[in-house]
Amino acid sequence: MTESPVEDSTPAAAAPLVVLDNVNKHYGALHVLQDIDLRITQGEVVVLIGPSGSGKSTLCRTINRLETIDSGTITVDGRPLPAEGKELARLRAEVGMVFQSFNLFAHKTVLENVVIGQVKVRKVPRPQAERTARELLERVGVGAQADKYPAQLSGGQQQRVAIARALAMKPKVMLFDEPTSALDPEMVNEVLEVMRQLAADGMTMVVVTHEMGFARSAANRVLFMADGRIVEQNTPDAFFTAPRSDRAKDFLSKILHH
Amino acid sequence: MGFLFEQDNFALFRDGFLQTIELSALSALLALLLGTLLAAFRVSPVPVLRAFGTAWVTLFRNTPLTLLFFAVTFGLPPLGVHFSHLVFAVLALGGYTASFVCEVIRSGINTVPLGQAEAARSLGMTFGQTLTLVVLPQAARTVLAPMSSVFIALPRNSAIAGAFSVGELYSAQQTFSERGYSIFAIFFWVACAYLLISATVATFFRFLESRLAVVR
């Protein structure tokens, strides 16, 4: 982060919820994450943007260890990420994840998709889990679809179910890996609206997205990544009106004028 | 054709038939359980288990079944392992078929999109939960067709047990031959019996396929 001084907009007093310390990762010869340092405080909404291949999805996925890292440390809620096993499974339950391709369980109904994690992982009694699931489905606006299978829903509906499924675990932080990139344009807003609501409710969120409107309106902080580095980070207003780095200026000029 | 109903021939035939069914059913059960376990090993994150699964498949799938029967029937007793001939036959046939079941299930697992397992893991499911609650149920449907081939081959492979002192259908044929009956008549009845078993297995799998087709 030599190119830009870091202006941390978060209050120094609050203990950070997610901390990445000098994280590095390689895919063979490709250095996808280079010396990543990042602190995310409780209730903060961090939006990751940048050109494709810049490492933003990878970064997002390292936080619940769907991607392993080569060096550095990641802690969530003060605890370092454990190695593969029961301990890691427990931690993953605290970190919600929403994928680009929804990844709803195709052989389960919508309701069952939201119930299964609560029952099997959190050991919540089934009636209570179903009640929670129906509330959440109602909240994301797909309550009427509870008994259908995922394939019977539109992309936007599926993604909202996926958000409900993650929320059912009562996570401390939610990761969104390009949640609207696989959606038809008319469905993007219904998903972003749910995410905006979530942000307004104080959920800690890490969002990889190409939706600059969402970044502007919902983010506390925008991180701009390129070539595996966090090149620039700032408040959305400052970033979008006056980007400091050439990479960011170049990127914004390409996406904001069409 | 009529010899079957002379003397005690029918009883011998019936006992052989039942023995073949018993041997096949037990071997199928062992193959299914062991094969599923081996498939889980082969996709597990633990290198030792993966190596074990690969080694098992390589060894058992590439060894002639007759040799496996030899190894089990004559190799285990000197090591102090003593079972009935039937149990030895079940071990050989089950262990052999398990290697095929393993590969069929593994191919099924590979047809389930990776995102399904990632979603399961991101909810905090363990490897075992991910496999049994999310991946295997979805693999089941694609696996049925090749699996039926494996389990149709199994009763026919069980004929080798006849050479290792198990009184099954094929050894009944040997007795009939020794008694001097027409070879065509004998094989007609034996073939009918195997056909009946295979057809039953095939019908069962077709039933499963139609049942699972509704889900989703």
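In this predicted model, helix H3 of chain B (residues 65-75) has Leu65(B), Leu68(B), Phe69(B), Val72(B) and Thr73(B) as its buried residues, where buried means under 20% relative accessible area with a 1.4 Å probe, protein chains only. Because they cover an arc of only 120° around the axis, they lie on the same side of H3(B); the arc is taken from the directions from the helix axis to the C-beta atoms. Helices here are DSSP runs (H or I, at least four residues), numbered from the N terminus. The cover over these residues includes helices H2 (47-61), H4 (85-111) and H6 (127-157) of chain B, contact meaning heavy atoms within 4.5 Å.

Turning to the interface, chain B contributes 19 residues and chain A 25 residues to the contact. The two chains bury about 1,900 Å² between them, 64% of it on carbon and sulfur atoms; this is the accessible area (1.4 Å probe) lost on being put together, summed over both. On the side of chain B, Arg121(B), Ser122(B) and Leu123(B) lose the most area to chain A, together 31% of what that side buries.

One salt bridge is counted between chain B and chain A, a side-chain nitrogen of Lys or Arg within 4 Å of a carboxyl oxygen of Asp or Glu. Arg61(A) and Glu118(B) meet in a salt bridge through their side chains at 2.6 Å, N to O. Helix H5 (114-122) and H6 of chain B each give two or more residues to the side that touches chain A, and H5(B) gives the most, with seven residues.

Residues are numbered from 1 along each chain as its sequence is written, and chains are lettered from A in the order in which they are written. Local features need pLDDT of at least 70 and side-chain atom pairs 80 or more, while totals for chains, interfaces and linings use all residues; side-chain values use heavy atoms, leaving out hydrogens and water.

Conventions: Buried < 20%, exposed > 50% of the residue type's maximum accessible area, 1.4 Å probe, protein only.
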